[in-house]
Amino acid sequence: MSEKLATAPRGKVSLFGVLRSESIRFFSLNSTRILILLAIVLYAAIAAIGTWGIGSLRASMGGMEQMPGMEDLAAPGFASELIGSGLVFSQLILGVLGVLLFSGEFTTGSAVSTFLASPQRLRVLAAKTILITVVTAGVQIVSSLLAFAISKPIADNYQMDLDFGSDAFQRVLWYGALAVAMAALIGLALGMMLRNSAGGITSLAALFFVLPIILSILTSITDWAQHIAKFTPDQLGMALATPSSVVTDLESWQQLLGVAGWIVLPLALGAVLLAKRDIK
């Protein structure tokens, strides 16, 4: 009997197994379901209200393309970019999901059991990275599709050009998902580095809301601030998804390189700290 026990095969921890475990735990939390639902509803509501508001303005004023400063409201892709007007809120809400995915482990003390079950810490990080990327990008795509479905009849009622196959909407759809996934991965890195939910969420909000306001104020005073502002994560994501609304002199490859930097560098720093620090 002892020989059989000694030679019995031991279970092997795999990336797929860790990913499955993380998914079950992630979707079992009420906070996950609430934040996902909030992100979808808020994004669709902002798009619908924005389309209705601009449509009503166009109907009441008429001939807006001939009015100084109003030309953009009559541009063919403007209605499509209205779909992405709630993108910054999706970045914050789903970015919070990224923070909680890692910080929650340390807040509740479950990190000890997680890393006992899977001692290879980078494998756990890889599983969490895959999970939060797929979930947040998927949620944002669903949000954009729902926003389009709701806003399309409103746009048609006001003779606004809202076409699913247009380049403008496709940018909102796919680059919007990229912008949200970037925010979620930054949140994941913050949660991993700070190991505190409140600190991670505050840092995320400061990065996406407070920093742009500060740079906007500085831009009116000095020239160097505008060169920094265009490389902030919110500007990079919004400029890719809604280029007519958020104008930048960066080319698409430069913007994508900036997005990659905001994803890779925080995760790399978090991975180093995760490997070196004790799990408590």
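Modeller: Arg25 and Glu22 both belong to helix H2 (residues 15–28), and 3 residues, about one turn of the helix, separate them. Their side chains form a salt bridge, with N to O at 2.9 Å. Arg25 has a relative accessible area of 29%, so it counts as partly exposed. Glu22 has 3%, so it counts as buried.

One caution before going on. This is a predicted model. The protein chain has an average pLDDT of 87, and 91% of the residues score at least 70. Among the elements, helix H1 (residues 2–7) has the lowest mean pLDDT, 42, while helix H8 (residues 167–194) has the highest, 96.

Lys128 and Glu105 form a salt bridge, and their closest N and O atoms are 2.8 Å apart. This pair links distant parts of the chain: Lys128 is in helix H7 and Glu105 in helix H5 (residues 87–108), 23 residues apart. Both Lys128 and Glu105 are buried.

The next pair sits in loops. Asp249 and Lys230 meet through their side chains in a salt bridge of 3.1 Å, N to O. This pair also links distant parts of the chain. Asp249 is in the loop between helix H11 (233–241) and helix H12 (252–276), whereas Lys230 is in the loop between helix H10 (224–229) and H11. They are 19 residues apart. Asp249 has a relative accessible area of 59%, so it is exposed. Lys230 has 19%; buried means under 20%, so Lys230 counts as buried.

How do the pairs connect? In total, the structure holds 6 salt bridges.

Ile132 is one of the residues that touch the most other members of the largest nonpolar core, which has 69 residues. H8 gives the largest share of this core, 15 residues. Beyond its neighbours within four places in sequence, Ile132 is in contact with several residues, including Phe26, Leu101 and Leu188. Val134 lies in helix H7 (residues 121–157). Its relative accessibility is 58%, so Val134 counts as exposed. With Leu15 and Ile130, Val134 makes a nonpolar surface patch of about 250 Å².

Technical notes:
Residues numbered from 1 in each chain as written. Predicted model: local features only at pLDDT ≥ 70, side-chain atom pairs only at ≥ 80, totals over all residues. Heavy atoms only, no water. pLDDT = per-residue confidence, 0-100. Helix = DSSP H or I, 4+ residues; strand = E, 2+ residues; numbered from the N terminus. Patch = residues over 30% accessible without salt bridge, like charges linked within 9 Å, V, L, I, M, F, W, Y side chains within 5 Å. Areas by Shrake-Rupley, 256 points an atom, 1.4 Å probe, with all protein chains shown as cover. Salt bridge = Lys/Arg side-chain N within 4 Å of Asp/Glu carboxyl O. Buried < 20%, exposed > 50% of the residue type's maximum accessible area, 1.4 Å probe, protein only. Core = buried A, V, L, I, M, F, W, Y, C linked by side-chain atoms within 4.5 Å. Contact = heavy atoms within 4.5 Å.
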